Amino acid sequence: MLTRLGTALLLGTALCASAAHAQDRQRPVTAQDMDAAYEEAKTIVAQMQPEEKVRLTMGILALPLVPGAEIPEEALMSAGFVPGVPRLGIPALTETDGPLGVAYALGLRGDYATAMPAGIAMGATFNRDLAFAQGHAIGAEARAKGFNVLLAGGANLARDPRNGRTFEYISEDPLLTGQLIGWNIAGVQSNEIVSTIKHFALNGQETGRKFVDVQISDTAARESDLLAFQIGIEIGQPGSVMCAYNRVNGEQGCASDYLLNKVLKQDWGYRGWVMSDWGAVPGLYAAWNGLDQQSGSQLDPDTFFDDELLAAAEADSDHMKRLDDMNARVITGLIATGVLENPVATGGDIDWDANAAVARKAAEQGIVLLRNEGNALPLAANAESILVVGGYADSGVLSGGGSSQTHPEGGPAVSRPLSDSGAFSGFISEQYQRGAPLDAIRARKPEGSVRFRPGRYSSDAAALAAQSDVVIVFATQWMTEGVDVSDLSLPDGQDAAIARIAAANPNTIVVLETGGPVDMPWLDDVAAVIEAWYPGQGGAEAIAGVLFGEVNPSGRLPITFPRNVAQLPREDIPGMLEYDPDFAGNPPSPDSKLFTDYNIEGSDLGYRWNARQQQEALFPFGFGLSYTSFASSDLETDGASASFTLRNTGERAGATVGQVYLVSRDGEARQRLVGFERVELEPGAETTVNVEIDPRLLADWNGDGWTIAEGVYSFALGSDAETLGQSVDVQLPERSWTD
Ligand code: BGC
């Protein structure tokens, strides 16, 4: 493949797609592919004229949001555009968000896309194949629309459930996040386009996102957030890594020698390119610290990575070498994924039905049943009167705001702007995607048996609740990029409304459409709770399917639901009260300082923090109920792999997620998810599951590499992080290695 490409370039011929090659790409890109592509890329860079060397290094925001910015015609009204070098067969980069479907980009293209569930819903599936399928579907739409770079792969760990982008990311756990995002990226890239992984790294809050300075030790970072990226990159080999807005230990993420040169390129040997987040480049020096490409340059103080970069390179041979490397890295990502050999074009066919089926399956598998007293669910066939309340359930399902916002056909059913002022006010709004849960519920019941109240006032809802067999309350918590949520309550008085309705009718079922954990002060008073997250365009049918028992819920929490914010490492999000919500996240003044101390929890996020603090969650990581029951047994492990048996002990077919945890080392609490597998089982059926244990999960970062200390490691099966079953102790010898 590479030789054919090289020959074509030398002959200056146009490159055309090959079906056989497209099939090859079902196999994920490997590190060896990236290494080989880098060698090939260097031969192309050797043919570049000096001025051609600063084309691939600088991109623009390809949307008319910044006054006066010129957007070339070939740019597709999207997040980004980088001109190509046609003379050498290098196409322009056409970049679109994002992780949850091709983003709508203010509607300026006038198109639509399949809206997948939120990233956290994908996390809840614990399903690698589905993560691949979802990525494949989104990537196929991106390619058909003419995009060759998908700004996807959100891999930041949930250090704070109030982070406004919690919905976009996968989980609080490095293994779960790394594996699912890795397969998701592989799915995107199976279309011969580039996927990013983002935002590298430690981008854990939106408040002051461009200047918050997170404090963390190398050890803690390597054992948590960086490990998630490392695993994701190993599996998915994304063509590009997008660096983050925030500062890390005093340096901007996109100019961090530590993150970009040391960790990513030196220690992990990453060969693709680092693109900046939009408006995250502090200066030309970022290039020397490892940044390869300035994106959305109109949003930065200056266009550092064109003439200024060339002048610096022409004045200094080391800088010229670096410039060559920057180009080679961009081209590496394009070669390894197949973009160069099979260029994208607009107007491709999209298999909308197939992609809709993926969206629905992902929504179904992501739904988590949190409570089901007296088997209130599935809904009894004899429920004659059902009252549905709130959450715009008569119109659609909630989605998250920001760059990942996707519009399925017809655009949003409901759109409530965050505010009326500011450049992004139209962009950032609480949007409900089409597909009304009320319609899906009504379709399953006789006419006239299902009533609806918007829930704006709880008095009428409570009065009608008292007259109904069942009440289904849709409760929403909207999250958006750019703004964190202030606390974990359900906003706009929904908690009080639920309490009042449940007091009127205890047979109340709450359907949560939230971006992450919420408080549930009314929990003991309701019959059932399902967490549907932001379920995407298949959400209405998926929710109704679970309520009526056509779908047996199988999602597991990818994030701890705390009892209250006092259980979190930080009671408040730093800066929340000092700084006004600001989508751009710019510092009010150059001297504005904002610190978030991640050394408090170190690498112990979520359930690991709870284990360390000896506190119990409201709902722990890994938790989820089913309409059947499961048992796990026969754990065997030598510390390198583990096997165990899962059995469906109930009466219905269903799926469960087998979980193996490291629990302690030499008796000292040290909890880590070390293996998981989602399996579907018929009633009475059992299966043996084998998982490899990534040794990094047992090890400590020693400054240069990993060390497994000699000791007794205790492993246990878990139905969640707090409900642990059979355990096995393994004596392990000391072992050290480097990445
Ligand atoms: C976001 C990125 C996104 C980029 C381009 C930024 O504000 O942080 O996730 O890819 O915009 O839209």
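**Helix H13 and its surroundings**

The buried residues of helix H13 pack against helix H4 (119-125), helix H5 (128-144), strand S11 (368-372), strand S19 (528-531), helix H17 and strand S24 (668-681). Here buried denotes a relative accessible area under 20%, exposed one over 50%, and partly exposed the range in between, computed with a 1.4 Å probe on protein chains only; contact means heavy atoms within 4.5 Å. Helices (H or I, at least four residues) and strands (E, at least two) are DSSP runs numbered from the N terminus.

The structure is a predicted model, in which local features require pLDDT of at least 70 and side-chain atom pairs count only at pLDDT 80 or more, while totals for chains, interfaces and linings use all residues. Residues are numbered from 1 along each chain as its sequence is written, and side-chain values use heavy atoms, with hydrogens and water left out.

The residues of H13 that are buried are Asn 355, Val 358, Ala 359, Ala 362, Ala 363, Glu 364, Gln 365 and Gly 366. The helix covers residues 352-366, and its 15 residues should span 21 Å at 1.5 Å a residue; the C-alpha atoms at its ends are 21 Å apart, in agreement with that value. The expected span is 1.5 Å times one less than the number of residues.

One of these residues, Gln 365, is touched by Arg 678, whose contacts also include Thr 125, Phe 126, Asn 127, Ser 554, Ala 655, Thr 656 and Val 657, residues up to four places away in sequence not being counted. Arg 678 belongs to strand S24 and is buried, at a relative accessible area of 14%. Between Arg 678 and Gly 411 there are 267 residues of sequence separation and 34 Å in space, C-alpha to C-alpha.

Phe 126, a contact of Arg 678, is also part of an aromatic cluster in which ring pairs link it with Tyr 607, Phe 621, Tyr 661 and Phe 676. The structure holds 14 aromatic pairs, defined by ring centres of Phe, Tyr or Trp (its six-membered ring) within 6.5 Å, with planes under 30 degrees apart called stacked, over 60 edge-to-face and the rest tilted. Phe 561 and Phe 619 form an edge-to-face pair, with 6.4 Å from centre to centre and 80° between the planes. That pair links distant parts of the chain, 58 residues apart: Phe 561 lies in the loop between helix H17 (539-547) and strand S20 (594-597), and Phe 619 in the loop between helix H18 (607-613) and strand S21 (630-637). Phe 561 and Phe 619 are both buried.

Aromatic rings also meet charged groups. The charged end of Arg 159 sits over the ring of Tyr 598, 4.6 Å from its centre, and that of Arg 271 sits over the ring of Tyr 38 at 4.4 Å. The criterion is NZ of Lys or CZ of Arg within 6 Å of the ring centre and within 35 degrees of the ring normal.

A search of the whole structure finds 40 salt bridges, each a side-chain nitrogen of Lys or Arg within 4 Å of a carboxyl oxygen of Asp or Glu. Lys 198 and Asp 97 meet in one of them, at 3.3 Å from N to O. Because Lys 198 lies in strand S5 (residues 194-200) and Asp 97 in strand S3 (residues 93-97), the pair ties together parts that are 101 residues apart in sequence. Lys 198 is buried at 1% relative accessibility, and Asp 97 is buried at 10%.

Glu 481 forms a salt bridge with Arg 165, their closest N and O atoms being 3.2 Å apart. Glu 481 lies in the loop between strand S17 (470-477) and helix H16 (494-504), and Arg 165 in the loop between strand S4 (149-151) and helix H6 (174-189), so the pair ties together parts that are 316 residues apart in sequence. Both residues, Glu 481 and Arg 165, are buried. They belong to a network of salt bridges that also links Glu 168, Glu 206 and Arg 209.

Finally, the whole structure contains 1 disulfide, a pair of cysteine sulfur atoms within 2.5 Å. Cys 243 and Cys 254 form it, with sulfur atoms 2.1 Å apart. The pair links distant parts of the chain, 11 residues apart, with Cys 243 in strand S7 (residues 240-243) and Cys 254 in the loop between strand S9 (251-252) and helix H9 (257-267). The link of Cys 243 and Cys 254 is right-handed, with 105° about the S-S bond. Cys 243 is buried at 0% relative accessible area, and Cys 254 is buried at 0% relative accessibility.
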